[in-house]
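Please consider the following structure together with its sequence.

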Amino acid sequence: MDTHNTEDVDMIEVRPRKRIRSSTKRKRATSPTHSPRVLILFAPFRALGLITNHIPFYVQTRSYKGATEGPRIHILTCLGRSWALWEGGKMGLLFVGPEVQDPISCLVMDGDAVWAASGAHVIKYLRGKEVFRLSNPLRTPLAFFIIFGSQLLALTEDGGRMLIWEISTNERALSATIQFDIGFTATSILHPATYLNKVLVASNEGDMQLWNIRTQTCIHKFSNSQLRTLPSQQQLNSLPSPITALTQSPAIDVVGVGFMSGEISVYDVRADERLMRVYMDNGGIKALSFRSDGHPILASASSSGHIALWDLDSGGRLLHLIRGAHDGAVSALEWVPGQPVLISSGEDNSVKQWLYESPTAVPRLLKFRSGHHAPPHLIRFYGEDGKQLMSASADRTLRYVSVVRDSRSYEMSQGSLARKATTLSKPLASLKFPPITSISCSSTRSKDWDDVLTAHADEMCVRSWTVLNKRVGKHTFNSAESSKRKSPSGVVKCVCVTACGNFGLAGSSTGEIHMWNMQSGLKRKSFKVGPSPQAVIDRVGLSCTTKPKASERGITGLVSDALNRVVIAATSDGTVNFFDFHACTLDQVLVLPTSASSMMLQRDSGLLAVVCDDMVVRIIDIETRRIVRELACGVHGRILDTAFSSDSRWIVVTSLDSVIRTFDIPTGQLINAFRTSSVATSIAFSPTNDFLATTHVDSVGIFLWANRSQYSEVAFRAISEDDVAEAALPSMQGSEEDEALEALEALGVEDKPTDVFSTPSQLDGDLVTLTLLPRARWQTLLNLEVIQQRNKPKEPPKKPEHAPFFLPTLPGVEHRFAIEEKKQETQEKHTRRLDKIAANSWSTLQKLLAESDKDSGLDDALFDYIKSLSPAAIDLELRSLVSFNSLQQFLRAIKRRLQSHLDFEAVQALQNVVLRLHADVIIENEDLRAELEELLKIQKKESGRVLDLLASSLGTLGFVRDAQ
């Protein structure tokens, strides 16, 4: 064995002790690498439905003095590039760690700290924040690690080295490195109980070694033949099998070893002897765990999703076998210390707790959290509040997903499939319904009967569901039974539930449309599309002999309007058919340039979006039954799904080129486009316009994007196909995290675009512009004296008839009040100095008049100040114009404002008040009288021009009114 110290290994540069929070906070979700001029309308918000993956979880139990509810259980699961901490009592989410650059390969908890191995680093977190980081000097990924006292032991991904760090001193330097022999690929590490400074290392070749960490020497080797065969059968060595599970038993020196072949060995390390051997069929062993509450029971899990219980007192007798405990391979098993509760997690994105009420009783499912274990391909919002989603996946399930809280999400029941699977000895997944291809729902009558319809792959029937009861509904509508016997029966392609919730429709691949009553399940009507129109035949170029039949025209889209007046169906040959809802007659056929693949209706506005094969979305107005908009969605990938905003202003489109585009329907322009790391297979817009939900081909989660326009001002402009921003998918966010609200920081607009058009102060120099202030402002100024006279009190205030009870009294026999006499207010003595200062002081209006007289460009500031004053303040300012210069400057300012055609009604009111107050002074002075005469000429000219404009406008309006 070769051992190497730190000096033999090149060290990498020391990382900072703690990363700056602002640089890492949701960086992957909120800092897309795009040009500053491109604005992303939808900000990444959070991910839904992510529970765990194939990385084993870690269970931590804590007991508190005086606790009556037992120990607290914390479950740490991996979410890919982040981790989640769950509370085991109610399976509530506590924390979600920040995303890292590389996928996480191992998780460990040490007190309040969470350790995660990501790439070549081991990162320490406290309350979801990174506080410490260790790095592999070899820059190779780390696959496994454990906390061993004050040391951290880690295995490299190639299994050739074990790295040792001393973490008690918070030093990042590597303390030692152990090099394994060639032919020994280490996969996991286990510390045997009571063994000082010693660990067991399992290998991919089926061997096991006992190492002393302090001396860095190998104490003993356990070969694959010794671990898997009895001493009397050593001559019957079989091929080596990798060790896939290694766990400590409650007994000292005894460990459990699981192999890829399905064999399980209970091995005594000190005696180097195998005590027991059991074998589990249907896949290799993925996890082992010994019960620790006094019952000698071993739990094992296989790669096929089964969990087995073995009675060790009876020589390894099989007690129970839970078939299909998980829909995929089980990744981890762990008994809760001192309790008959077994926790399991699997690659099916679920964590389950199993309760064993007695050793002989069948274990039952106690608690669980689960999500889709295959990427969902179809989502739709349920209800009008935007808080629920219906999602369908390739795992053949239909799930109800809560946007508000993950704990409210659940899988819609398909019946007692577990009992059927046990009776028929079939996998549970094989008994589920085929994958869903179409969903339609209406919550109007959800409390009365079924409210969801689904179509399934390669099936001729339609199933109803009830969200209220969380299960499949009472009715299964068979389209084959509804059709004639001689006509061919096709599979159902699309479904529709009417807005009232009373009827359900289904369209098949043979062109048949049937309608059933959702309450009784009885068939009500049928619609026939008929043969292809001549325009379709001419477009395709078919001859009359090869004219397609009605049964060859598959229905690709089916909707009904909000008032049950019309049923609209799109066919595969490129037609949109309008049927009368009550008479079942075909009213009109609209021929499209290409085939139609899907269709969506916004019932509130009556806009119908038809997705065509030429990568164009055509918007049809169902009232006029004409195409009103054609929206081109690039040339690199076909369109997968569309979604309308609730106000019918936007339509969001996803396509195979991984770009999500947003079009403004009134203008028909592309206003936003961003590219995600993977293709979005389905999208849905919240009825409240706050969230956009997406699903992607490589993730089992549902991702929410917040609409920025709901929280901040966003200026829209038309963009081209080249202005596509890059955006990372949202990460999962904990509901109880301290910084949960910081996600809304992404909703601010980082790059505010420049306003292309700003309203000028005057549209045209020849037009008259008013102040846009209320008319009462200037009417009050003109009649201020009348108003003040009217509001003047008629009588002086009277003394109260009876004195208040709290007045003090004077001593004596008679009851008298001690009323203080008012002191005579002394009038202030005016001095010559004060009078001189008051005479030389200027008001704000006088200062602005002087400045504007020197520079006419300051007239705007002068009149802006006047318009900001109240009528009483304006009157006071005008009365202060007592000097010759002030009056002359004011008259000049009025003339310039009249000539500029601005603030016309304000100028009229101001000159009226000034002339009324200072007319005698202006007439006596010759210079002021000359200014006044010049003002009179300009006033007559401008007033006549205004009267001419008004007469012309009134004449035009009268002509238009008479013409109508």
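## Packing of helices H13 and H14

In this predicted model, residues Leu-887, Phe-890, Ile-894, Arg-897 and Leu-898 of helix H13 meet a set of residues in helix H14. On the H14 side, the contacting residues are Phe-904, Val-907, Gln-908, Leu-910, Gln-911, Val-914, His-918, Val-921 and Ile-922.

Two packed helices are described by the angle between their axes and the distance between the axes. Helix H13 spans residues 884-899 and helix H14 spans residues 904-924; their axes come within 11 Å and cross at roughly 155 degrees. H13 is therefore roughly antiparallel to H14, since angles over 145 degrees are placed in that class. The crossing of H13 and H14 is left-handed.

## The sheet E27-E28-E29-E30

An open sheet is formed by four strands in the order E27-E28-E29-E30, with antiparallel pairing. Strand E27 (330-335) and strand E30 (364-370) are the edge strands, each of which pairs on one side only. On average, neighbouring strands of this sheet are turned by 15 degrees against each other, direction ignored.

Strands of a sheet pair through backbone hydrogen bonds, either parallel or antiparallel. E27 and strand E28 (residues 341-346) run antiparallel and are joined by five bridges. Leu-333 has Ser-344 in E28 as its bridge partner.

Thr-397 lies in the loop between strand E32 (388-393) and strand E33 (398-402). Its relative accessible area is 4%, so Thr-397 is buried; the cut-off for this class is under 20%.

The side chain of Thr-397 makes a polar contact with the side chain of His-372, at 3.3 Å. When neighbours within four places in sequence are left aside, Thr-397 is in contact with His-372, Ser-391, Ala-392, Glu-411, Gln-414 and Lys-432.

Ile-189 belongs to strand E15, which covers residues 186-190. With a relative accessibility of 6%, Ile-189 counts as buried.

Residues up to four places away in sequence not being counted, Ile-189 touches Phe-144, Ile-146, Leu-153, Leu-155, Met-162, Val-199 and Leu-200.

How values were computed. Residues numbered from 1 in each chain as written. Predicted model: local features only at pLDDT ≥ 70, side-chain atom pairs only at ≥ 80, totals over all residues. Heavy atoms only, no water. Pairing = 2+ DSSP bridges. Helix = DSSP H or I, 4+ residues; strand = E, 2+ residues; numbered from the N terminus. Axes fitted to C-alpha atoms, helices over the stretch in contact; angles between N-to-C directions. Buried < 20%, exposed > 50% of the residue type's maximum accessible area, 1.4 Å probe, protein only. Polar contact = N/O pair within 3.5 Å; in protein donor to acceptor, adjacent residues only side chain to side chain. Contact = heavy atoms within 4.5 Å. Parallel < 35°, antiparallel > 145°, perpendicular 65-115°, else oblique. Left-handed = near helix turned anticlockwise from the far one by under 90°.
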